Amino acid sequence: MLWFLRGLRKGVVTSHYPARPDPSTDGLPSPPAFRSDLLTAELADRLAAACPSGALRRDGADLVLDLGACTGCGRCNEVGGRAVAPSGAFELAARDRTTLLKRIPIGAGR
Amino acid sequence: MSEEQRVAAELRKRAFALFRRSLHIRTVDTGSCAVCESEIRLLSSPYYDLHRLGFFFTPAPRHADLLLVSGPAVRAFDPALLKTLEAIPDPRIVVAVGACALGGVFGEDELVHGSVDAVVPVDVYVPGCPPSPLALLHGLLVAVGRLEEKVHALRFDLREEAKA
Amino acid sequence: MIHAATIALLAAAGLWLAATALGTLARSRGGLTVAALVSALGGGAALAGGGLVAIHGAGAARTIGTGNLVGAVTVRLDPLAAIFVALLGLIALAIGLYAPRYHHPGRGSAWYLPVFNLALFASLAVLVAGNAVVFLVAWESMTLFSYLVILRHHRREGVARAAFLFLALGEAGFALIVAAFAILATHTGTLDLTQIAARAHAVPAAWRDTAFVAALVGFGFKAGLVPLHIWLPEAHPAAPADGSAFLSGLVIKLGVFGIALFGFELERGGPAWWGLLTMAFGVLSAVLGILYGLMERDLKRFLAYSSIENIGVVMTALGGGMVFTAYGQHAIGTFLLLAGLYHAFNHGVAKTLLFLEAGVVEHTAGTRDMDALGGLIHRLPSSAVISLVGTLGIGALPPLNGFVSEWLIFQGLFQGFRIGSHLVGILIVVAGASLALTAGLAIMAFARAFGIPFLGMPRSRGAAAASEQGQPLAGPGMLAAVCVALGVGAPLALTVLDRVTRATTGVEIHARLLVPNLTVIPAHTDFSGFSPTYLTVFLVCVAVVPLLIYLGGRPRGASRTVPVWDGGILSFNARMQYTATTYANPVRVTFDELYRPEFHLERDSDDPAGRSGPVHYRFQVLPVFQRYLYAPIVRAVEWLADFVRPIQSGDVNLYLLYLFLVVIVAYLIYTY
């Protein structure tokens with residue numbers, strides 16, 4: 001049929017973000033979230049070694065996640081098993097670089 | 001934060017709020033793999049449509065308000081990046097996007113700085129590899145003060161959910 | 001008023017002769033300065049004299065002695081010639097002020113300055129000649145002295161050849177001029193110009209036509225009409241700057257004067273095809289002149305081609321005037337004559353200015369090649385402003401003089417619909433359209449000629465080292481002021497020119513040319529009108545607006561000054577700029593069939609640029625007239641000379657035989 005009527009039938013496709021949440025980021029790669037109760041020091045070290053962009057490192061009794069360096073590759077998910085899952089977070093902008101450093105306590109084995 | 005830092009942050013917020021509904025963005029790629037650029041380009045698509053928010057891309061730094069930098073700040077590009085920043089009139093905002101620009105992926109060596117804030121002062125950091133267009137929009141809206149930062153409240157420790 | 005004019009012109013002649021004598025003292029700086037200033041004074045006197053005669057609007061003649069061989073030597077003050085006398089005076093004044101700082105004292109200047117002043121004197125003689133013989137003698141003297149002027153730097157390469165070309169073509173033209181005068185003198189029985197004009201209508205039509213065509217081509221050689229122009233681009237770069245200014249400002253105008261003399265005075269009321277032929281030459285010169293000029297890198301060669309173009313415009317106006325008069329439209333015919341004279345005057349002023357400035361550029365930057373200049377606006381600020389005024393004047397931009405005169409010419413040509421014959425009307429409008437093309441190309445060409453040398457960054461060390469210290473400013477500056485005055489004060493200039501044209505053609509158009517409130521209209525009130533004076537006032541007032549915007553809107557806080565945004569590249573050097581050649585490249589590509597350039601590219605290897613070693617590129621526009629018009633004629637003459645060479649065998653016996661044969665033939669003729 002007439003090509004411009006197709007557009008009228010489809011309606012408005014533009015996202016309404018930020019007025020309404022937008023589902024397009026569902027399922028996209030995102031930084032990991034951890035089960036601190038399942039984290040051990042040894043697992044933390046293995047996770048830090050597995051991260052190719054240096055976003056994970058162990059600092060004493062904490063696993064430090066640098067959100068800024070995370071590429072969402074998912075290797076920590078493979079290594080960590082039940083202790084690691086994608087967080088689904090994408091609104092990660094920050095004014096201060098240190099805000100992007102998240103500390104997860106290594107809880108298991110305490 | 002000290003009183004000085006607080007006042008400075010407040011001043012910066014007010015200055016950046018000048019651009020609430022009309023912001024001109026100049027993008028610079030300091031050596032990225034160009035996927036961040038794809039996402040930035042998608043902002044002009046009908047789905048994300050940054051024009052509805054009053055944001056525009058401009059090639060001329062003289063007309064720009066915001067400098068959008070991606071890439072790990074390759075050293076050879078420093079003069080061009082600094083010239084571009086110098087050419088943008090004050091008040092200006094600098095936003096670094098992507099894991100490379102924020103210090104991940106590449107460490108500092110003789111070819112790259114590793115992160116953009118080693119070369120230019122950065123006002124807003126947008127993580128992601130690449131940051132999806134929505135993450136970019138969030139970052140831009142945070143920069144002009146139309147949205148609040150959320151990341152400080154986000155918890156990456158699932159045990160608290162399990163607890164709750 | 002005629003008395004005062006006579007005294008002024010006598011003073012001018014006397015001062016120039018004095019300057020000739022003083023010029024021999026030019027081995028010292030003082031002598032040079034005094035001679036130049038005396039020459040300038042003479043110029044001022046000539047300007048006053050010419051101006052007075054023009055304002056007076058009527059001529060006078062005086063006969064000195066009677067000789068049996070040549071008839072009486074008559075000197076006449078004619079309003080048509082007076083315009084050119086005024087131009088001569090103005091140019092001499094400007095050059096006289098320019099010369100002290102331009103020339104170096106020494107032996108070269110010691111013979112150059114006398115010769116130059118003699119050339120000025122001879123030009124004055126041409127313009128005040130009342131008698132064909134005086135005219136011809138003065139004309140030849142003017143050619144000879146101009147030839148010597150060109151030869152100033154005769155040891156440099158190409159100068160001798162250029163001067164010889166000028167002389168050779170000048171002589172070819174002179175032969176035709178002599179023929180034209182001879183035809184008219186024989187058939188009217190007098191050598192006096194005023195009487196020839198009175199009796200010319202009695203000359204049989206075929207002889208009148210021949211005389212006019214001979215005059216057109218003969219004077220056309222001097223005026224620089226295409227295809228008779230080939231000496232111009234050679235002679236102007238070869239001569240020193242004030243010599244080029246004199247050549248372009250005045251000498252070619254003498255050719256225009258000659259054609260105007262024949263077309264409007266001596267043989268007035270000729271058939272329309274005279275005007276159409278003149279217009280054809282004019283349009284051809286205008287279009288081809290500027291097209292070839294755009295391909296030139298040498299500043300002076302370009303200005304020479306621009307002179308050819310402007311003479312073409314003047315000729316188109318004069319030819320159009322003849323056509324309109326032939327069809328009974330006397331008002332427009334006279335109007336076009338007025339516009340043509342005005343344009344000739346304006347061009348004389350502006351082109352002289354540009355050539356003098358080209359001389360300054362050549363002296364300070366060491367080169368005339370536009371592709372080696374650049375950034376001179378910072379190094380020669382006053383010269384840049386003066387050159388800009390001259391460029392705007394010649395490029396016909398309002399409110400300067402060139403605009404008014406070109407506008408008048410266009411307005412005259414666009415009234416071709418008033419002519420009875422449709423074909424001729426269309427031809428006139430086509431000529432107007434060609435002039436419009438020329439005007440557009442001229443703007444581009446002059447934007448290039450001013451922008452490339454003066455703006456941007458210097459493209460050579462010479463250009464970077466240029467300095468205004470000790471350079472002449474008074475002469476060119478005065479001419480710039482005159483350009484502005486002639487534009488803004490156009491109504492006054494037109495009043496004077498109207499008196500001149502009234503004396504020449506008998507038609508007064510003042511009442512139809514200028515309405516009381518300083519507006520200019522082209523001969524018919526229902527066509528159009530415009531006021532350069534009011535336009536200037538308006539432009540000045542409008543300039544207040546950006547000033548107010550700046551005062552009201554400039555930022556009050558601290559501001560940063562940063563370099564111009566260049567895309568962030570590291571090194572911006574002069575080689576990245578446009579060159580004159582690239583700027584004109586679109587024109588070259590468009591008119592490729594006309595230029596038929598020869599390209600020559602040599603490179604050491606096929607590697608990409610930067611790794612290929614030296615690359616030699618040569619580009620040459622096809623010299624159409626030299627190759628296809630003059631070379632065959634030269635070959636024919638040489639063949640003919642070879643053919644008759646056997647007569648000069650060197651054998652005395654053969655020569656005695658020749659003598660014997662001539663005596664026999666003379667005896668037979670005498671007897672029968």
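This is a short chat about a predicted model and some of its contacts.

User: Hi! What should I know about numbering and the model first?
Analyst: Residues count from 1 along each chain as its sequence is written, and chains are lettered from A, with ligands numbered from 1, in the order in which they are written. The model is predicted, with local features needing pLDDT of at least 70 and side-chain atom pairs pLDDT 80 or more, while totals for chains, interfaces and linings use all residues.

User: Great. How many residues does each side give to the contact of chain A with chain B?
Analyst: Chain A gives 41 residues and chain B gives 36 residues, where contact means C-beta atoms, placed from the backbone, within 7 Å.

User: And which elements of chain A give two or more residues there?
Analyst: Those are β1 (32–34), β3 (62–66) and β5 (101–105) of chain A. Strands are DSSP runs of E, at least two residues, and helices are runs of H or I, at least four, numbered from the N terminus.

User: Switching to chain B with chain C: how many residues there?
Analyst: Nine residues come from chain B and four residues from chain C.

User: Now Ala58(C). Where is it?
Analyst: Ala58(C) sits in the loop between α2 (29–56) and β1 (60–64) of chain C. Leaving out residues up to four places away in sequence, Ala58(C) touches Pro79(C) and Ala503(C).

User: Why does Ala58(C) count as partly exposed?
Analyst: Because 13 other C-beta atoms lie within 10 Å of Ala58(C); 20 or more would be buried, 12 or fewer exposed, with C-beta atoms placed from the backbone.

User: How far is Ala58(C) from Ala179(C)?
Analyst: Their C-alpha atoms are separated by 29 Å, and the two residues are 121 residues apart along the chain.

Note on methods:
Two residues are in contact if their C-beta atoms, placed from the backbone, lie within 7 Å.
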